[in-house]
Amino acid sequence: MVIEKGVHADIDELAQLYDDLNDFLDSDINHPGWIKGVYPVRQIAETGINEQNLYVVRLEGRIIGSIILNHHSEPAYNKALWGIESDYSKIFVIHTLVVHPDFLKAGVGKKLISFACELGKELHMKAIRLDVYENNIPAIKLYEKFGFNYIDTIDLGLGDYGLHRFRLYEKIL
């Protein structure tokens with residue numbers, strides 16, 4: 001598995017990955033509460049690539065996962081009492097961590113989180129933050145295994161989609 005920055009030529013494959021994952025989640029337990037056509041969608045990949053903060057995991061040339069690492073938090077993050085005070089120029093925020101359904105439980109998520117931590121240290125980030133839907137137990141276990149600390153539970157304003165409470169996590173680097 002190789003992790004590299006996504007490029008414009010990856011957008012179609014990323015959009016297909018999002019659709020494949022949402023189809024799988026629709027037929028199985030939908031831990032993150034994602035909805036096909038709502039999140040994640042092609043525009044997410046386009047924006048991440050245009051802003052040069054989307055990374056892909058490739059296996060034999062195929063994209064099997066991706067992550068967005070930027071400095072943009074949800075407004076509700078401002079209500080939390082974080083473990084470290086800093087402006088977001090020194091904080092990575094994880095968005096849209098996806099793994100193709102054919103590669104679930106194959107270590108792709110672990111590789112992406114490890115990559116985020118390593119890149120954060122390399123770029124002298126002070127911390128990594130994220131939000132996760134409170135029922136997404138597999139993701140919560142992954143983040144906690146990597147030393148992310150629970151900060152608070154908040155409402156991100158996604159109640160129209162049945163998503164009311166999100167757990168905030170932070171890993172100080």
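**Exercise 1. Locate Q52, then decide: buried or exposed?**

Step 1. Q52 sits in the loop between α2 and β2 (54-59). Helices (H or I, at least four residues) and strands (E, at least two) are DSSP runs, numbered from the N terminus.
Step 2. Q52 has 53% relative accessibility, so Q52 counts as exposed. The cut-offs: buried is under 20% relative accessible area, exposed is over 50%, partly exposed lies in between (1.4 Å probe, protein chains only).
Step 3. Phi of Q52 is near 60 degrees, positive in a residue other than glycine.

The model is predicted: local features need pLDDT of at least 70, side-chain atom pairs count only at pLDDT 80 or more, and totals for chains, interfaces and linings use all residues. Residues are numbered from 1 along each chain as its sequence is written, and side-chain values use heavy atoms, with hydrogens and water left out.

**Exercise 2. Classify the aromatic pair of Y133 and F166.**

Step 1. The structure holds six aromatic pairs. Rings of Phe, Tyr and Trp (its six-membered ring) pair if their centres lie within 6.5 Å; planes under 30 degrees apart are stacked, over 60 edge-to-face, the rest tilted.
Step 2. Y133 and F166 are 5.7 Å centre to centre, with 55 degrees between the planes: tilted.
Step 3. Y133 is in strand β5 (residues 127-133) and F166 in strand β7 (residues 166-172), 33 residues apart.
Step 4. Both Y133 and F166 are buried.
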